[in-house]
Structures are given as C-alpha cells and as structure tokens.
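Visitor: I would like to go through a model together, starting with its strands and helices. Could you show it to me?

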Amino acid sequence: MLKFPNEGSDLKTIYSNMDELKIKDGNWKEGKTWSLVYYAGEEITKVAEEAYLKFFHANALNPTVFNSLRQFENHILSMAADLFHGGEETAGSLTSGGSESILMAVKTYRDEARALHPEIREPEMILPVSAHASFEKAAHYFGVKAVHIPLTDEYKADLKAIEQAITPNTILIVGSAPAYPQGIVDPIAQMGQLALKYGLRFHVDACLGGFILPFIKDIGYRVPDFDFSVPGVSSISADLHKYGFAAKGVSVILYRNSTLRRYQYFAYADWPGGLFVSPSATGTRPGGAIASAYAVLNYLGRQGYQKLARTVMDITGQLQKGITEIPGLFILGKPEAGVFAFGSDSINIHALADKLEEKGWVIDQQTNPDCLHFMVTPAHENAAESFLKDLKTAAAEVKSNPEASTGNSAALYGMKAALPPGKTEEYLLDSLNKLMGRNE
C-alpha cells in the first residue's frame, strides 16, 4: 500500500510515471477502441481543450457567482432545444453525463407522481429490454419499479407489449434513439401516442444519438422522428461528450416545459450552511466541461456536424459491408446511425473478441443475443481497413480451431450462461470490489 508522501516529487518524475501507466490504456486516437472516447481529430480537440482550460477553476454550483457559465448553459440548452424541435417553453439542465441525465428524468417523474398522484405508492416505468442500464440504476436508487418489455424481431420496443404492461402504477414510458445494444431507434412516434392515450410521461434516451441523428437526417439518411416534434414526448436526454465531441463529462436533459423541470430540482432550507438548492444530482459542476461544449457547438455549427456525420456513416457502411462479407457474420437489425452490433451463426463470438484483443483491438461484448458492439467515430477512418483484415483472420482462426479459443471473454460469458439467475451480478460486484480496492 502506498503511503501519503512527506515531500512532493519533481514534476519530471510525476509526468514520467503517468506516461508510463498511460501506455497500457486503450489506443483510442488511432481507432483501436470502439467505445468510451469520441475523437474527431486534433483541431476539434484543441477547441474543446482550450475552452476547458479557460474555465478550469469555474464551478457551476452557484450560477450567480459564475454568470458566464450560466449563460453558456442557457445557450447550449437553447441550441439543443432548437435541434430537437422544442418550443419557447422547452427547459432543461446540463449534467455530468448520460447516466445523470437519465437519473434526473426518472427522479423528476417520480416526484411529479408523488405530488400529483399520491395514490400511486409503488410507481412503475416501462422499459424495453434494450433501454440503457442507467434506467435500472435509477430504478434501484429512486424506488421506481422497472417493468421490462421485449423487442420485436427488428430489435425495436414491442408496442403491444408496452400497452399490455401499463397499470395504474405506471408513471413513465422509456424509448431510445437509438438503443445502445443494436443502434436501432425505437418506434418513438407510436410510443408517444400510447403515452398520450394513457396520460403518461414519455422519456426519449438520445444520449447516444442526439447529436448525430439530426445531422444524419440532414445529409439524406432516413431517420425516424424521435424528438419534441413527436406528440407525447415529454423529455429527451442527449450527451454532448459523445457525438457532440465536447470534453467529458457534459450531457443535456430537456423537458417540454419548465413546470416539469422544477420536479428535477432539490431544495433544503434548514441547513446551517445556508439555503441550498441544486438543479441536478451533483453539487459542484466543472465549468470546463460546460465551456468546452459551448465552444465546440459554436465552432462546428450545423455544417460542421453534418460533415462529421457523413464521415461516420461512410466508415459505418465500409465496416458493415466488410463484416457481412465474412462467412458466418451478420449485422443485427437495421441500425440507423454509427452504432451497430454483429453476431455469428457459426463462430463463438466471445472467442472472436479474445482473438481481436490479442491483435490490439478493444472490443465491447454483449449478450441476449451474443454479439460484438461498435460505436463509430471519425477516428476509425484510418483503422477500418486494418480492423476488417484482422477480423477476417481472427474469424478463420476461431472457426478452424474452436477448442483452442478459450480466452478470458469466452470463459467469462460461458460462465454467465451456467450460473443461476442473480449470481452473475454478485460475481460482477465482487470483481469490481476487488479491482477498485487494490492499494498498489
């Protein structure tokens, strides 16, 4: 276990140690990772970094002290409301990321139900099984029961199942644009009609697609309506640090009006430290992340984002074509953006992931069904060809010698299938506890 140092170290040693540890991180700049980092080149990164440093010490906890951040936030929210076809009454907040935006949406509708429908003692929200796991976290944190509904053969939320799942305790329906696992947009327009029919709130999780779907549509791709243009949509979450290409972590949560947003806020008047009110889950909010989002949005504008969207979609097309040309591999459904998954009817997909990781790629793996997951960014422009070459080689290796393909991932996902329900979560919690508890 490391001891707290008595004396400070020289910066050369500190930075050298940091650089040495960084070598083992995923190589996102060269497109070797397929998630976590959204890199659009050094030019845009420099804009985000310089704006961040200008407000490195600024704290959006108190908007009366840092008026600049309040104006940045209002401008960002206004631009997002315009992008998502909101109106003059559309209101929202900036959060630290998609998880917080989702948590705030669920908290908002729980508190609204408490105020307007006190007869609902056990609130429920209807979630397609493809909805982001952060909704499960919100259900756990806020005491809202998650009612899961299946997907259609097209990997979209099943409308009939949604309607059948509605009970007097239902307060919220959730849809995704697109859903993380397969990159497919749920039938938002029809879900909005169900929300209106039964007087329910409807949240669209566009954390992943919010800042690319509109621009994909601009350049001629077919994108289903998913925003406030759809009657019945009451809120939208969208991450600026994903396809908005801002610094980590900043996300948008927007409501159709400020009356809804008020339920998101928290106030406490009896604290000896003073009157306390907070718009979101966090107290301190880093000003640098907000400033970076403001700078990048204004630097790129609609035309800049359209150009990036075209790059992403060109790379996506190249990847999907190359994947489907490899025997046994197929794309799941018909993804609408630069997010997709592929599976296999003849290859152990997790063993394939192990082979690819041996070749330097960081691969996201999924189950139900077993598949590999990709989020395409401009950083993958120069990596797509080499990835497809390695994928073809890896697929042949696994197919020719399946018994030898028993890497860590194949073993882990094989274990999941053998464990009783609930035991996998216990294993994951224990593993995380051991990983994070190391004192090296």
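Guide: What follows is a conversation about this model, which is predicted.

Visitor: How many strands form the open sheet, and in what order?

Guide: The open sheet has 7 strands, arranged β1-β7-β6-β5-β4-β2-β3, and the pairing within it is mixed.

Visitor: Which strands stand at the edges?

Guide: The edge strands are β1, residues 91–95, and β3. Each has a single partner strand, so one side of each lacks a neighbour in the sheet. Direction ignored, neighbouring strands of this sheet are turned by 20° against each other on average.

Visitor: In which sense do β2 and β3 pair?

Guide: Strand β2, residues 124–128, and strand β3, residues 145–149, are paired in the parallel sense, over 5 bridges. Within β3, the residue opposite Pro128 is Ile149.

Visitor: What do β2 and β3 make with helix α5?

Guide: Together with α5, which covers residues 134–142, β2 and β3 make a β-α-β unit, and this unit is right-handed.

Visitor: And over how many bridges do β4 and β5 pair?

Guide: Strand β4 (residues 170–176) pairs with strand β5 (residues 201–205) over 5 bridges, in the parallel sense. Gly175 has Val204 in β5 as its bridge partner.

Visitor: Turning to helices, at what angle do the axes of α2 and α10 cross?

Guide: The axes of α2, residues 42–54, and α10, residues 287–324, cross at roughly 155° and come within 7 Å. An angle over 145 degrees counts as roughly antiparallel, and α2 and α10 are therefore roughly antiparallel to each other.

Visitor: Is that crossing left-handed or right-handed?

Guide: The crossing of α2 and α10 is right-handed.

Visitor: New topic: how many disulfides does the structure hold?

Guide: There are 0 disulfides in the structure.

Visitor: Are Cys207 and Cys371 buried or exposed?

Guide: Cys207 has a relative accessible area of 8% and is buried. Cys371 also counts as buried, at 0% relative accessibility. Both classes follow because buried means under 20% relative accessible area.

Visitor: Which peptide bonds are cis?

Guide: Among them is the bond from Ala177 to Pro178, with omega near -10°. Pro178 is placed in the loop between β4 and α7, the latter spanning 188–198. A cis peptide bond also joins Lys248 and Gly249, where omega is about -15°. Gly249 belongs to the loop between β6 (235–239) and β7 (251–255).

Visitor: Which residues other than glycine have a positive phi?

Guide: One of them is Tyr155, whose phi is about 65°. Tyr155 is found in the loop between β3 and α6, with α6 at 159–165. Asn368 is another residue other than glycine with a positive phi, near 55°.

Visitor: Where does Asn368 lie, and is it buried or exposed?

Guide: Asn368 lies in the loop between β12 (364–366) and β13 (371–375). Asn368 counts as exposed, with a relative accessibility of 69%, because exposed means over 50% relative accessible area.

Visitor: Finally, where is Gly338?

Guide: Gly338 is in the loop between β10, at 329–331, and β11, at 339–344. Gly338 is buried, with a relative accessible area of 0%.

Visitor: How many residues apart in sequence are Gly338 and Val376?

Guide: Gly338 and Val376 are 38 residues apart in sequence, while their C-alpha atoms are 5.1 Å apart in space.

Technical notes:
Residues are numbered from 1 along each chain as its sequence is written. This is a predicted model: local features need pLDDT of at least 70, side-chain atom pairs count only at pLDDT 80 or more; totals for chains, interfaces and linings use all residues. Side-chain values use heavy atoms; hydrogens and water are left out. Two strands pair if DSSP finds at least two bridges between them. Helices (H or I, at least four residues) and strands (E, at least two) are DSSP runs, numbered from the N terminus. A crossover is right-handed if, with the strands pointing away from the viewer, the path from the first strand over the helix to the second runs clockwise. A disulfide is a pair of cysteine sulfur atoms within 2.5 Å. Buried means under 20% relative accessible area, exposed over 50%, partly exposed in between (1.4 Å probe, protein chains only). Axes are lines fitted to C-alpha atoms, for helices over the stretch in contact, and angles run from 0 to 180 degrees between N-to-C directions. Angles under 35 degrees count as roughly parallel, over 145 as roughly antiparallel, 65 to 115 as roughly perpendicular and the rest as oblique. A crossing is left-handed if the near helix is turned anticlockwise from the far one by less than a right angle, and right-handed if clockwise.
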